[in-house]
Amino acid sequence: GDDTTSTAPPTTAVPADRAPTPEAVQHLDIVGTEYAFEFGPDPADGLAAGWTSLTFTNAGHEAHQVMFARLKDGVDLAELGRVAGDDSSGAAAIAYVDMLGGVSYIGAGQTTTAMVDLSEGTVMAMCYVPDPDGVAHALSGMTTLLTVGSGPAAPGGPVTGSAPPEDEVMGTIELAADGYRIPDRLPTGWYRVTNTDEGTDGEGLHELSMLRLEDAVSPEEKA
């Protein structure tokens, strides 16, 4: 591989690319605790493939996330379980799945909303936040298997709990090989997050967490 490094800062200016929010085919309410997910409605009968709005609430005492990953075709669940069990960080399992996105770390008592494009197949909802001993929460039971594609799509019109149709995607945040590419201005609202890094074997995998600071940042601190 190329180990050349560069001190040039990544480009941050990205066009706004405003567009209507995607219409959700279903809505999920997900609650995370130590160490399990509770879904509403119960997804046991299967979910529809497509854009899914979700509300994630952390009702636990530790930070949690809900990330969705589709098992790659031909992957054996037993083998995946063995590989994941041998690596407390959960990183070894990445080669067996396609990451679809979700909600990254949120603190105890926090609630946030997101939209995820679920692909047809077997999808895992997981929390890979480490516990105080460094073990990923997913290995302690915070994993739920979902069957996507067998559920009925929602009838016409917006799904209860999803973004209202008049909402706009305010812009795109790009996860590129050389860093984040973020619009110069960030009005309040929905943003599309896309990963354009084509790295292989997990090298192109990225995550984005947004943190709201309690105090305003001065121009000097930004510099």
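**Entry 1: Arg70 and the salt bridges**

I began with Arg70, which is buried at a relative accessible area of 17%; buried here means under 20% relative accessible area, exposed over 50%, and partly exposed in between (1.4 Å probe, protein chains only). Asp73 forms a salt bridge with Arg70, and their closest N and O atoms are 2.8 Å apart. I use the term for a side-chain nitrogen of Lys or Arg within 4 Å of a carboxyl oxygen of Asp or Glu. Asp73 itself is exposed, with a relative accessible area of 67%.

I then searched the whole structure and found two salt bridges. Asp178 and Arg181 form one of them, with 3.1 Å between the closest N and O atoms. Asp178 is partly exposed at a relative accessible area of 41%, and Arg181 also counts as partly exposed, at 23% relative accessibility.

A note to myself on the source: this is a predicted model, where local features need pLDDT of at least 70, side-chain atom pairs count only at pLDDT 80 or more, and totals for chains, interfaces and linings use all residues. Residues are numbered from 1 along each chain as its sequence is written, and side-chain values use heavy atoms, with hydrogens and water left out.

**Entry 2: the sheet 3-2-4-7**

Next I traced an open sheet of four strands in the order 3-2-4-7, with mixed pairing. Strand 3 (36-40) and strand 7 (111-118) are the edge strands, each pairing on one side only. Neighbouring strands here are turned by 30° against each other on average, direction ignored; the axes are lines fitted to C-alpha atoms, and angles run from 0 to 180 degrees between N-to-C directions.

Strand 2 (residues 26-33) pairs with strand 3 in the antiparallel sense over five bridges. I found Asp29 opposite Gly40 in strand 3.

What does the side chain of His27 contact? The side chain of Ser53 makes a polar contact with it at 2.7 Å, and the side chain of Asp29 makes another at 3.2 Å. A polar contact is a pair of N or O atoms within 3.5 Å; within protein, one must be able to donate a hydrogen and the other to accept it, and residues adjacent in sequence count only if both atoms are side-chain atoms. His27 lies in strand 2 and counts as buried at 11% relative accessibility.

**Entry 3: the sheet 6-5-8-9**

I also followed an open sheet of four strands in the order 6-5-8-9, with antiparallel pairing. Its edge strands are strand 6 (97-106) and strand 9 (143-148), each pairing on one side only. The twist averages 20° from one strand to the next. Strand 5 (residues 64-71) and strand 8 (residues 121-126) pair over four bridges in the antiparallel sense, and Met126 in strand 8 is the bridge partner of Met67.

**Entry 4: the cores**

Last, I looked at the largest nonpolar core, where Ile30, Phe37, Leu54, Phe56, Val66, Phe68 and Leu146 touch the most other members of the 21 residues. Such a core is a set of buried Ala, Val, Leu, Ile, Met, Phe, Trp, Tyr and Cys residues joined through side-chain atoms within 4.5 Å. Strand 7 gives the most to this core, with three residues. A second, separate core of 11 residues includes Leu80, Val83, Ala93 and Met124.

How values were computed
Pairing = 2+ DSSP bridges. Helix = DSSP H or I, 4+ residues; strand = E, 2+ residues; numbered from the N terminus.
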